[in-house]
Amino acid sequence: MSPMPTNSIQRLNSQGLFLYGRSIGHNCPRIAALWTMTMRDPKSFSSGMKNAIEDLSVQLSISMPPTHKVETLRSGDLRFDRLQPSDYELVGDKILEFGQFVAREAVLDEEYWTAAWLRAESHCENPTLAPHDVRYIHNYKVRFADQEFNALKKRCQMQNEQKCTCIIAVKKEHKNVKRPVLKSVVGTLDLNIGYLLQGETFPGERGKAPRFCSINRTTPGRYGYIANVCVAKSARRQGIASNMLSYAVESAKTNGVKQVFVHVDRNNTTAQNLYQKVGFEMVEMANSKLSKEQLFLLCLQT
């Protein structure tokens with residue numbers, strides 16, 4: 001019997017890719033594959049065999065890099081009867097006290113979810129809702145809050161050039177009486193810190209980022225961006241939004257940021273007045289490009 005020919009294909013390693021001018025190999029799986037194909041002579045079998053038999057063996061090993069797992073939670077997994085701990089116990093002196101409230105970073109999962117719930121309520125503030133829509137609005141808010149909660153936790157846990165912080169306003173303890181977390185958080189916003197693209201003076205100036213582009217990782221290219229500002233209806237007109245903004249600006253300044261940006265609806269004069277009161281000014285170069293989106297871009301120099 002003639003010997004069986006064997007063909008081997010060498011191992012293939014995939015270790016890295018480049019995206020937007022940056023290597024992302026550390027986030028990609030390393031794949032090693034060995035293929036062995038054995039061809040057997042059909043003449044060595046009985047005459048009834050008409051086709052050759054091919055044995056194909058594949059050995060595939062994939063080694064994944066360590067990842068930061070973000071557990072997906074729902075409102076039913078959280079303890080909303082949990083009493084609000086002392087602010088000093090959670091974040092020490094990294095707080096801003098004003099009136100009966102405190103602005104600081106969110107720490108507990110229940111605080112993140114309550115912040116997401118406030119965003120769901122703000123998103124659903126629509127006086128033109130039809131009666132049959134109101135019946136389903138609560139379930140919609142819960143789903144919205146669950147999705148925003150997990151997305152928010154994921155953003156805040158990412159470890160790269162983009163940093164996200166959830167800032168909340170919390171009611172102070174009254175005569176040492178603690179409240180549940182759900183009734184303590186009355187305001188929230190996100191502070192995002194990143195880098196401008198090369199040649200940009202404000203975020204989005206170059207429009208859609210090209211596939212391969214460089215990032216200005218110098219101090220002048222580092223900027224802050226504020227989003228998702230909202231306050232509970234029962235706690236409005238008490239300076240909560242303006243003090244959360246002041247806390248966010250100081251936090252950005254501590255991180256070496258020279259400029260903080262925010263978008264605002266062109267028809268929302270109340271929000272425009274709020275940001276200008278804190279020190280934000282219009283970015284005229286950007287606003288001509290944002291006319292279709294009905295937005296203004298404002299900037300504060302720290």
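**Exercise 1. Find the salt bridge that E97 makes, and say where its two ends sit.**

Solution. 
Step 1. In this predicted model, the side chains of E97 and K172 form a salt bridge, with 3.2 Å from N to O. The term means a side-chain nitrogen of Lys or Arg within 4 Å of a carboxyl oxygen of Asp or Glu.
Step 2. Locate the ends. E97 is in strand β6 (residues 96-98), and K172 is in the loop between β8 (163-171) and α4 (181-184). The pair links distant parts of the chain, 75 residues apart. Helices (H or I, at least four residues) and strands (E, at least two) are DSSP runs, numbered from the N terminus.
Step 3. E97 is partly exposed, with a relative accessible area of 43%. K172 is partly exposed too, at 23%. Here buried means under 20% relative accessible area, exposed over 50%, and partly exposed in between (1.4 Å probe, protein chains only).

A word on the ground rules: residues are numbered from 1 along each chain as its sequence is written, and side-chain values use heavy atoms, with hydrogens and water left out. Because the model is predicted, local features need pLDDT of at least 70 and side-chain atom pairs count only at pLDDT 80 or more, while totals for chains, interfaces and linings use all residues.

**Exercise 2. Trace the salt bridges of E148.**

Solution. 
Step 1. Take R119. The closest N and O atoms of E148 and R119 are 2.8 Å apart. E148 lies in helix α3 (residues 131-157) and R119 in helix α2, so the bridge ties together parts 29 residues apart in sequence. Both E148 and R119 are buried.
Step 2. Take R155. Its salt bridge with E148 has closest N and O atoms 3.2 Å apart. E148 counts as buried at 15% relative accessibility, whereas R155 counts as partly exposed at 27%.
Step 3. Widen the view. R119, E148, R155 and D190 are linked in a network of salt bridges. The structure holds 9 salt bridges.

**Exercise 3. Does the length of α5 agree or disagree with its residue count?**

Solution. 
Step 1. Work out the expected span, which is 1.5 Å times one less than the number of residues. For the 15 residues of α5 this gives 21 Å.
Step 2. Compare. The end C-alpha atoms are 21 Å apart, which agrees.
Step 3. Note the surroundings. The buried residues of α5 include M244, L245 and Y247. G256 follows α5, and its phi is positive, near 80°.

**Exercise 4. Describe the lining of the largest pocket.**

Solution. 
Step 1. Count. The lining has 29 residues, and V229, C230, N268, A271 and L274 lie nearest the centre of the pocket.
Step 2. Sort by element. β10 gives the largest share, 7 residues.
Step 3. Sort by class. There are 14 nonpolar, 9 polar and 6 charged residues. Ala, Val, Leu, Ile, Met, Phe, Trp, Tyr, Cys and Pro count as nonpolar, Asp, Glu, Lys and Arg as charged, and the others, Gly among them, as polar.

Definitions and conventions:
1 Å grid on protein atoms, 1.4 Å probe; cavity = no way out; pocket = protein on both sides within 12 Å on 5 of 7 lines; lining within 4 Å.
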